[in-house]
Amino acid sequence: MTSLSDDDALFRLDERDLAAEVAAGTAFDLSQCVNEPIHLLGGIQSYGTLVALDSADVIAVAGSNSARVLGRPAADLVGTPVAELIGPDGLAAVHETLRAPTGDRGLIGLNIPPGGPEFDATVYRSDGVLVLELEPAAVERPFQFARFYPRLRGTLTRLQNERTVLAACAAAVAEIRALTGYDRVVTYRFEGRDGPGEVIAESVADGLDPWQGLWFPATDIPPQARRLYERNWIRVIQDVDDDTAVLVPPLLSDTGAPLDLSDSTLRTVSGFHLEYLRNIAVRSSMSVSLLRDGELWGLIACHGLQPRTLSPEVRTACEFFGVMLSLQLAALQDAETSRARQTARKALAQLVTALDTDIAQSVRDNGALLAQLVPADAVVLRAADLTTGELTTTIAHGDAAEFDTVALDTLWRLLPQFPAGQVWSSGCLGDHDPELTALSPALSGALVLALDGAGTGIAWLRRERRAARTWAADPAQPVRLGPRGERLTPRGSSAVYQAVVRGCSVPWTAPDEAVVQEFGHAITTVVLRHTARLAALNSELRRANHDLDTFAHAAAHELKEPLRGISNSATFIGEDAGDSLDPTTVRRLGTIRALAVRMDELINSLLHFAQLGQGELRRERVELRAATERALQIAGARLEEQGVAVTLPEPGVTVPADPDRLQEILINLLVNAAKYAGDELPRTVEVGVRADGPVAVYFVRDNGIGIPEADQKEVLRLFRRLHPRESRGGGHGAGLAIVDRIVERHGGRLWLESAPGAGTTVFFTLEAEPGAG
């Protein structure tokens, strides 16, 4: 048997469904059905045949029934140019069909051999291989579009006039049954993309039991079958007892894989499905897909009590009908969504009126109105606490005792990340994450609106539902013994249903999501207005900063020019006077020059401190040890003078920082370790990192003279020194203030641990810590 493709391997029977079948007493292994590669079964239905061509238009694969259908055995056809079979004009028609703007599929008439009987040829490509599916044309064409169109136009007009999905489906099944002659035609609607299905409309021959209102488990149509229904609008089975025609050879010579029949009309049928049909007394069938936004919404399922062959024209008409019905159903659902929005408009208008810039508080104050938007057992808010900055959950509506904070925190932790203003929903939270299964029955479904994309949002919550349904078979016989052994029937056990729905809430509907989405848009509008006001304030702030920056540079220039004049004048006076000046005057002139130099240095430090708030940081991952070694190229001489031994950080530690600013931090702190080294040996300084929750904490630790606790905040202020200006190596008291400013620019924080005689450790982070306001 052919191995599964990567896509097929994704399809696995849900654990809930497996448990349900066990509860129903099913011995049959349903995973065989779910994992079967039904598009790679290597056969076709025998009422037609198939030839597949290589790139040179030579037949590479043929149906084993080609001798009966075409008059030439498959062994003779393989390796033969297809032009010998269908003629040059036929080959040109095939290629012309595939070049048409309709895409890689078409229906044409061919005479085989040229001048011989007429065949209906379905032409398409499969993974680059050109495939012709050939069906003998009926002697009399039972279908004529000229007769069909007026009737179809009348039916489509009735569909457009129907106001509900159920009424439109009832009209559709009646028309399809009249067109095709099947004994039973039903519309089957799925509950969600992967859920069970309900018969919501039917047209049935006299004497057959009605199916309307019956439910079928999701496993009756496994995932790979649903995928093919989304790819092909129509699927026909002529005879459940048909002798399958195999493909010759079974594997393509170019790839060594079987021919992919995903787009095939003649594709053979899974033995599981054939036995399923036999066990409900069906000999022929047709399914027409009903799609919504490209996803399978439901099916028109047709059953015949006898084998039935449909001409390509009839199949095309049914496919067209399925497309039109899908569009009409989508329009009706859109109208239903619109009506739901109108119903919720009053509550929504009240909520919008109540919204202000503090969205979180507005939600807390209007929980009852939120519950009017969407039916739910509780409405909760996840937002940052104004005091601590931590994300907390508040129940805006519902029983706080039933929805405990631990369960709610678990829910928020396991939710997927999605952008602000977007909506996410699940009616079976355990399917999203098995850990959420433990929250049922109190919490089984959630509809969530993201407020900022970073964990804050509003959630509407529902409990587990308990309900009974009517299932379409004998509950005592979920699997019956057929001619080929145990095979499937529709599983009707109530135990199956109870197991399948356990842990699930009432499903969220499109109108539910639509109205929450609209509320999200209202919140976005309020936030945008608030953002516009902040942008205006920021613009004013930028102008003010620019003015201050201009003033600082201008003031510095104006101040530095007189200082140079004062210093130069004092120097010239001393040089011109020579030895005529008394010692007091010489000392005073020296003081003037020293004060001018100091003032110049203070102005430079002040400008540098102001400029740290300007410009963008160039963050990258910087290796801390390498950064320390570069800093020692400048600070190392001072440390050596004081006999301070340096302990470098471990290799491989990286820091998310601007490299230049990080080096400035390290230079200042290492120079301070030299300045304030202790009087006794050994003298040490260590650069390192320690784990402190999710954010790394870096440190520079010395064993110097230390700082009294009362002065530890003071030393972080600009131009604050605890010692005389000329002592301890001098300086202006700007170093720690500059370090603190750089750390702040990175979104981190700085703090000291120190005591007199016990050294000083400067700790700092270079990224915001969780919960920081």
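Student: In this predicted model, are cysteine 428 and cysteine 504 buried or exposed?
Tutor: The model is a prediction, and the two residues are joined by a disulfide with an S to S distance of 1.8 Å. A relative accessible area under 20% is the criterion for burial. Cysteine 428 and cysteine 504 are both buried.

Student: How many residues apart are cysteine 428 and cysteine 504?
Tutor: The disulfide between cysteine 428 and cysteine 504 is right-handed, with 115 degrees about the S-S bond. The pair links distant parts of the chain: cysteine 428 lies in the loop between strand S16 (423-426) and H15, and cysteine 504 in the loop between helix H16 (494-501) and helix H17 (510-577). Their separation is 76 residues.

Student: Why is the sulfur of cysteine 302 too far for a bond, and which cysteine holds the closest sulfur?
Tutor: A disulfide requires two cysteine sulfur atoms within 2.5 Å. The closest cysteine sulfur to that of cysteine 302 is 6.7 Å away, and therefore too far for a bond. Cysteine 302 is buried, with a relative accessible area of 0%. The residue holding that closest sulfur is cysteine 318.

Student: What is the relative accessible area of cysteine 318?
Tutor: Cysteine 318 takes part in no disulfide, its nearest cysteine sulfur being that of cysteine 302. Cysteine 318 counts as buried, because its relative accessible area is 0%.

Student: Where does aspartate 57 lie, and what is its relative accessible area?
Tutor: Most residues other than glycine have a negative phi. Aspartate 57 has a positive phi, near 60 degrees. Aspartate 57 belongs to the loop between strand S2 (49-53) and strand S3 (59-63). Aspartate 57 is buried, with a relative accessible area of 17%.

Student: Is aspartate 293 buried or exposed?
Tutor: Aspartate 293 has a positive phi, near 55 degrees. This residue is placed in the loop between strand S12 (284-292) and strand S13 (295-304). The cut-off for an exposed residue is over 50%. With a relative accessibility of 71%, aspartate 293 is therefore exposed.

Student: What is omega for the peptide bond from isoleucine 112 to proline 113?
Tutor: Most peptide bonds are trans. Proline 113 is located in the loop between strand S4 (105-111) and strand S5 (118-126). The bond from isoleucine 112 to proline 113 is cis, with omega near -10 degrees.

Student: What is omega for the peptide bond from serine 440 to proline 441?
Tutor: Proline 441 sits in the loop between helix H15 (429-432) and strand S17 (445-450). The peptide bond from serine 440 to proline 441 is cis, and its omega is near 10 degrees.

Student: Which strands stand at the edges of the five-strand open sheet?
Tutor: The order of the antiparallel sheet is S15-S14-S18-S17-S16. Each edge strand has a single partner, so one side of it is left without a neighbour in the sheet. From one strand to the next, the twist averages 20 degrees. The edge strands are S15 (391-397) and S16.

Student: Which residue in S18 stands opposite valine 380?
Tutor: Strand S14 (residues 378-384) and strand S18 (residues 457-462) run antiparallel and are joined by five bridges. Opposite valine 380 stands alanine 459.

Student: At about what angle does helix H14 run to S18?
Tutor: Helix H14 covers residues 405-414. Helix H14 lies across S14, S15, S17 and S18. Its angle to S18 is about 115 degrees.

How values were computed: Residues are numbered from 1 along each chain as its sequence is written. This is a predicted model: local features need pLDDT of at least 70, side-chain atom pairs count only at pLDDT 80 or more; totals for chains, interfaces and linings use all residues. Side-chain values use heavy atoms; hydrogens and water are left out. Helices (H or I, at least four residues) and strands (E, at least two) are DSSP runs, numbered from the N terminus. Buried means under 20% relative accessible area, exposed over 50%, partly exposed in between (1.4 Å probe, protein chains only). Two strands pair if DSSP finds at least two bridges between them. Axes are lines fitted to C-alpha atoms, for helices over the stretch in contact, and angles run from 0 to 180 degrees between N-to-C directions. Contact means heavy atoms within 4.5 Å.
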